[in-house]
Each structure stands twice: as structure tokens, then as C-alpha cells.
Amino acid sequence: MATENQAGQGDGKPVSLILGATGGQGRALAQRLGDSGHRLALAGRDLDELNKLAEPYDALTVKVEGTQIDSIVDAFEQTAAHFGRVDAAANCIGSILLAPAHRTSSDQWYETLNINLTSAFATVKGAANTMNSGGSVVLFSTAAARVGLANHEAIAAAKAGVIGLMQSAAATYASRGLRFNAVAPGLVRSKMSERLFANEQSRKLSEAMHPLHRLGEPSDTVPILHWLMQEESSWVTGQVFGIDGGLSTLRPSR
């Protein structure tokens, strides 16, 4: 665990917590925030990977279990205790399940809800407990929560719940200056999604779903994530940002 920074040092630099920091989008966000001067707390399940990512930024690393509310809340508390405050947080924990309802097992349903919606709820709770001077929290939804896509029942339900959670939290905590927003990506390349385009045919089908005819990259989502976690977005709350190549809103001519 990297612990060189101490509370009270570097007070001019914002403190950001990234949950799921070793995933494709979490890793890219950590690098963008670290390079722009944020002090970082990186949370995830694999401490070895977290420590490698943390080293260039002297970041705090925290082991979390993404489906456990108390574990995520504790990550906020550790970050606040270490740096003296938390200014921004992003929950990059998530999963993808593509299956129709009749082929989705009970275990798959509950796992999808826990990884995606329960982790988001825990993020809201942890932020509300520790971000007493306001700040920004970003949650991950999906384009499938805003447009009907076949075989997305479980993940669409979980990620639609994230949007409702985000909007309610934005209303609840607006008076404290605590902002909540969500991003709703299309299919983004990562370890989590690589099996969906493991062969050329499935990749081409995935690309064809998106009006811009390509899959997303972490570099497509990170600029908006970064902006939402900065002071420049201080008048933005309760919003869903579609970063999906037009998937959720466009039906282009063929």
C-alpha cells in the first residue's frame, strides 16, 4: 500500500477516489487524474495491480469487495482519514451479462445487481458519509438502460437503477454541494468486454450496433469523467451523459 501522502499535505490538490481502478476505464481515469495533479486513492480487489498503478502517483491503495456495501464505505473512510478529505469519486466497478431473462439464473441476476447497483448505492452512501464539504461523484450506467436492446434484461435493469439512484442522490445532497452524475457508455473495449468481440463476426455485429460504426475505447469516456470530477463542472448535477457512438439516440440511414 502506497502511503507517503499524509492528511493535510498538498491541500491545494483535489483528492479523488476511484473504485474499480484496475479495470480498463478505471485505470485510464486514474492516469488522467494523476497526470492532472489529483491526489489519488485507488480501490479494487487486486492489491498487486493496484500498487503497480499507484506507484507513479504515490497513491493510496485500498482493497475492496465491490459487492459489499461496508467495504466500499470503508474505502471512503480510509481515503478521508489519509488525505483529510475526499473531493471526487468514481465508481468504475461493473459487469456485463448478455442473456435473455429465461436464460438468466437466479445467481446471475443477483450477481449483476450486486456488482452494478449495490456498488453504486454503496458509493452514494460512502460519499454522503465523508464528503461533507461537497464534491463530485460519478456513477456508471449503460446505453442499454436508455434504449431497449435484446438480451440485456438483467444488466439494463441494474444500470437503469443506477440512473434512478443517481438522480435521487443528486436531489438529496444538492444543498450540501455534493453532486451526482452518471455516464452511460456503449460497448467499450476492456478486459470485461473482450469476450463479446473475441471473433471477427461478433466484433462486426457489435460495431454495426453503434451509428459511428466502431466500439468505444477508455479514451472516449475518460475526458467526460475527468471533467465531471473537476471544479469546472460545479454547476452540473443529476445528469446522464451518453458516450455511446449514438447507440441510444440515433437510427442512421443505411
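Modeller: This model is predicted. Helix α3 (residues 69-83) packs on helix α4 (residues 106-130) at about 35°. Their axes lie 8 Å apart.

Biologist: What makes up the contact of α3 with α4, by residue type?

Modeller: Eight residues are nonpolar, six polar and two charged. On α3, the contact includes Ile-69, Phe-76 and Glu-77. On α4, Phe-121, Ala-122 and Lys-125 are among them. The crossing of α3 and α4 is right-handed.

Biologist: Why is Ser-141 called buried?

Modeller: Its relative accessible area is 4%. Buried means under 20%, so Ser-141 is buried. Ser-141 sits in the loop between β5 (135-140) and α5 (153-173). It touches Lys-159, Ala-160 and Val-183, among others.

Biologist: How do you know that the side chain of Ser-141 makes a polar contact with Lys-159?

Modeller: The side chain of Ser-141 reaches the backbone oxygen of Lys-159 at 2.9 Å. The cut-off is within 3.5 Å.

Biologist: Why is the pair of Tyr-173 and Phe-180 called tilted?

Modeller: Their ring planes meet at 45°. Under 30 degrees is stacked and over 60 is edge-to-face, so 45° is tilted. The ring centres are 6.0 Å apart. Phe-180 is buried, at 0% relative accessible area.

Biologist: What makes Trp-227 and Phe-241 edge-to-face?

Modeller: The angle between their planes is 80°. Trp-227 is in helix α7 (residues 218-228), and Phe-241 is in strand β7 (residues 240-243).

Biologist: Why does Trp-227 count as partly exposed?

Modeller: Its relative accessibility is 33%. That falls between 20% and 50%, so Trp-227 is partly exposed.

Note on methods. Residues numbered from 1 in each chain as written. Predicted model: local features only at pLDDT ≥ 70, side-chain atom pairs only at ≥ 80, totals over all residues. Heavy atoms only, no water. Helix = DSSP H or I, 4+ residues; strand = E, 2+ residues; numbered from the N terminus. Buried < 20%, exposed > 50% of the residue type's maximum accessible area, 1.4 Å probe, protein only. Polar contact = N/O pair within 3.5 Å; in protein donor to acceptor, adjacent residues only side chain to side chain. Contact = heavy atoms within 4.5 Å. Axes fitted to C-alpha atoms, helices over the stretch in contact; angles between N-to-C directions. Left-handed = near helix turned anticlockwise from the far one by under 90°. Nonpolar A, V, L, I, M, F, W, Y, C, P; charged D, E, K, R; others polar. Phe/Tyr/Trp six-rings, centres within 6.5 Å; stacked < 30°, edge-to-face > 60°. Lists of a residue's contacts leave out its neighbours within four places in sequence.
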